Amino acid sequence: MSNKSFRQAINEALAQEMRRDPAVIVMGEDNAGGLGAPGEDDAWGGVLGVTKGLMPEFGRERVLDTPISESAFIGAAVGAAATGLRPVAELMFVDFMGVCFDQIFNQAGKFKYMFGGKAVTPLVVRTMFGAGFRAASQHSQCLYPIFTHIPGLKVVIPSSPYEAKGLMIQAIRDDDPVIFLEHKVMYDDEEEVPDEPYTIPFGEANLTREGGDVTIVAFGRMVQFSNQVADKLEKEGISCTVVDPRTTSPLDTDTILECVADTGRLVVVDEANPRCNMATDISALVAQEAFGALKAPIKMVTPPHTPVPFSPQLEDLYIPTPEKIEAAVRAVAGA
Amino acid sequence: MQLSREDLLKAYRDMRTIREFEDRVHDEFAKGGIPGFVHLYAGEEASGVGVCMNLDDRDKIASTHRGHGHCIAKGCDPKAMMKEIYGKRDGLCGGKGGSMHIADLSRGMMGANGIVGGGPPLVCGAALTAKTLKTGGVAVAFVGDGGSNQGTTLESYNLARVWNLPVVFVVEDNGYAETTASAWSVGGSQKKRAEAFGMPGTEVDGHDFFAVYDAARQAVEFARSGDGPSLLHVKLDRHYGHFEGDAMTYRAEGEVEKLRQDRDALKIFRTKVSEAKLLETGQLDEIDAEVKELIDQAVAESEAAPPPGEEDLLTDVYVSY
Ligand SMILES: Cc1ncc(C[n+]2csc(CCOP(=O)(O)OP(=O)(O)O)c2C)c(N)n1
Ligand SMILES: [Mg+2]
């Protein structure tokens, strides 16, 4: 056990799985860096340093830098997965899914079904998401609802370094294609993370706070905000359960419904745009399955239905904040 | 060469404006005044200016993430650009776009682009408009060496050819895509890629304004006269990192110092025009001083300008909704 950043936790998961299984390879733009260049090799280790150190240990045969040809290399990762490797391909920012989505949703996501159950595609696509970096409309989106929409894909959103390591190892060992979404403002977050490999199963929500008054369901960075709110309101006598589903597909609907049955009040916090996102999905689930348990209308805390703005002042207004979550919790609690 | 004295003065002023703008953004970013991802065009001025000097108001360009230079070369207002980079309300895009999305459609500048390979298909569309409406316009896609490997770029080569569109693809090869050398990432040659798609490809020294200007003039005339697309492979250097904050450890020791010394587009321009007695050094120095003043003002005004507010958050998403 030692203190590790979100970045280190993912890096350690990749390194440990690469040591364990020679079929695991890593690929992406500048995942090592410096290829063909006169200076330092492994110059970047990915744009924010997550894969740094893998190439020196495993060589360029297993840590492949790619041209800027996402459709080709993400597709190659899909094809390699279907034929015996276990690739972890990096799509640098999730926003770039636009140039390679076919290979993910029409190919990887459908092989198993279309081929009558015979195909196995153990692929991981690692990708950065989320606002807060002043990175503007094409480098800040969440987009996980779009992957969640596709049958055949599994979708993982770790909310802390501990979660990231266990979920990444699970993702690599999982035989289905997995989209693994890393919130870009969380890379320097630190917490105690076991040194040895461990897995966290998909589809099992984690209760990061337990309380009887309000259920908050949140994803990724929003789990942290929700924890802050729960801790603050606890002191005022409003106790919250915070549910981190960890994966949007599969989704642990049982836990969500049990928590709502206990509290009768639900706030869903989702950094994705508000139409057809996880907040609407979970609200619909609860409205359908647990209507009778509800003591107040469900509240959703999301950004507005706009692209992510560049200006820091606008971006700060755009992102759900602890203040907005707190207001929603108070509203459903009637306090 | 058909350049008048005014043309030469304008070329120098535009290149100097780009250099001063980028050097200043570099400094202000380091001081913490500028948010977000910023990719600087310093060192590549002769390309943007050499190409855009051949364009007029009918013509469109699409840029890349490294877009400030293309904007200035196509006539965007440097002060409004600076305000945009600072994220201010009266920036060129209201503070909503920032460095990676600067655009001014009224100037035929269809935007910097956060998506590598985003521009070439758009330019095919702009060229289709020009062809369909018979405006006489041409459309230019600036693409990096890295962007030249994107499927959208290669598909656009073919589309522009088979639709016979008035397009010029300008591949600005600064030797790197992030940390990766173009010598590694580009299979085949840019020129032969162009030829394989049935269009002319020309290699150009991108440090030399005159070389770029001449090659671009031919390519633009080719497009304007209905002969279709062509490609320029412009070799040049970037003076700064991939983005601000890049330590550039993948570059050779002394590489940047040396290219700034030996292959600086502005120095080369100055030497050429003075030696040929086309312009006097004094005139160029005067431009330098004026440009410095302009950029000083741009920064001061940007710092003082008000940011957008809550009332701006929900606007501009749709024309009507
Ligand atoms: C589709 C897509 N893939 C990757 C990136 C990340 N990225 C931004 S710039 C860049 C390198 C571009 O290199 P090049 O085209 O040579 O342009 P240069 O930066 O050298 O001007 C990369 C990989 C992106 N913005 N969009
Ligand atoms: Mg380049």
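Colleague: What makes strand S6 (residues 201–205) of chain B and S7(B) a pair?

Modeller: The count of bridges does. Two strands pair if DSSP finds at least two bridges between them. S6(B) and S7(B) have five, in the parallel sense, so they qualify as a pair under that rule. One of the bridges joins Asp205(B) to Lys235(B) of S7(B). The strands themselves are DSSP runs of E with at least two residues, while helices are runs of H or I with at least four, and both are numbered from the N terminus.

Colleague: Which other strand pairs with S7(B), and over how many bridges?

Modeller: Strand S3 (residues 167–173) of chain B runs parallel to S7(B) and is joined to it by six bridges. Here Asp173(B) has Lys235(B) as its partner. Please keep in mind that this is a predicted model, in which local features need pLDDT of at least 70 and side-chain atom pairs count only at pLDDT 80 or more, whereas totals for chains, interfaces and linings use all residues. Residues are numbered from 1 along each chain as its sequence is written, chains are lettered from A and ligands numbered from 1 in the order in which they are written, and side-chain values use heavy atoms, with hydrogens and water left out.

Colleague: Why is the unit of S6(B), helix H9 (residues 209–224) and S7(B) given a handedness, and which one is it?

Modeller: The unit is a β-α-β arrangement, and it is right-handed. That word is used if, with the strands pointing away from the viewer, the path from the first strand over the helix to the second runs clockwise.

Colleague: Why is strand S7 (residues 230–235) of chain B described as largely enclosed?

Modeller: Five of its six residues are buried, so the rest of the structure largely encloses it. Buried means under 20% relative accessible area, exposed means over 50%, and partly exposed lies in between (1.4 Å probe, protein chains only).

Colleague: How do you know whether Gly67(B) is buried or exposed?

Modeller: Its relative accessibility is 0%, so Gly67(B) counts as buried. Gly67(B) sits in the loop between strand S1 (60–62) and helix H3 (68–73) of chain B. Not counting residues up to four places away in sequence, Gly67(B) touches Met109(B) and Ala112(B), where contact means heavy atoms within 4.5 Å.

Colleague: And what is the case for Ile85(B)?

Modeller: Ile85(B) is also at 0%, and therefore buried. This residue belongs to helix H4 (residues 78–85) of chain B. Its contacts beyond four places in sequence include Phe310(A), Phe21(B) and Ser99(B). Ile85(B) and Ser99(B) are 14 residues apart along the chain, with their C-alpha atoms separated by 5.0 Å.

Colleague: How do you know what area is buried between chain A and chain B?

Modeller: Buried area is the accessible area (1.4 Å probe) that two parts lose on being put together, summed over both. For these chains the value is about 3400 Å², with 67% from carbon and sulfur atoms. Trp44(A), Ile68(A) and Phe310(A) lose the most area on the chain A side, together 20% of what that side buries. The contact takes 43 residues from chain A and 47 residues from chain B.
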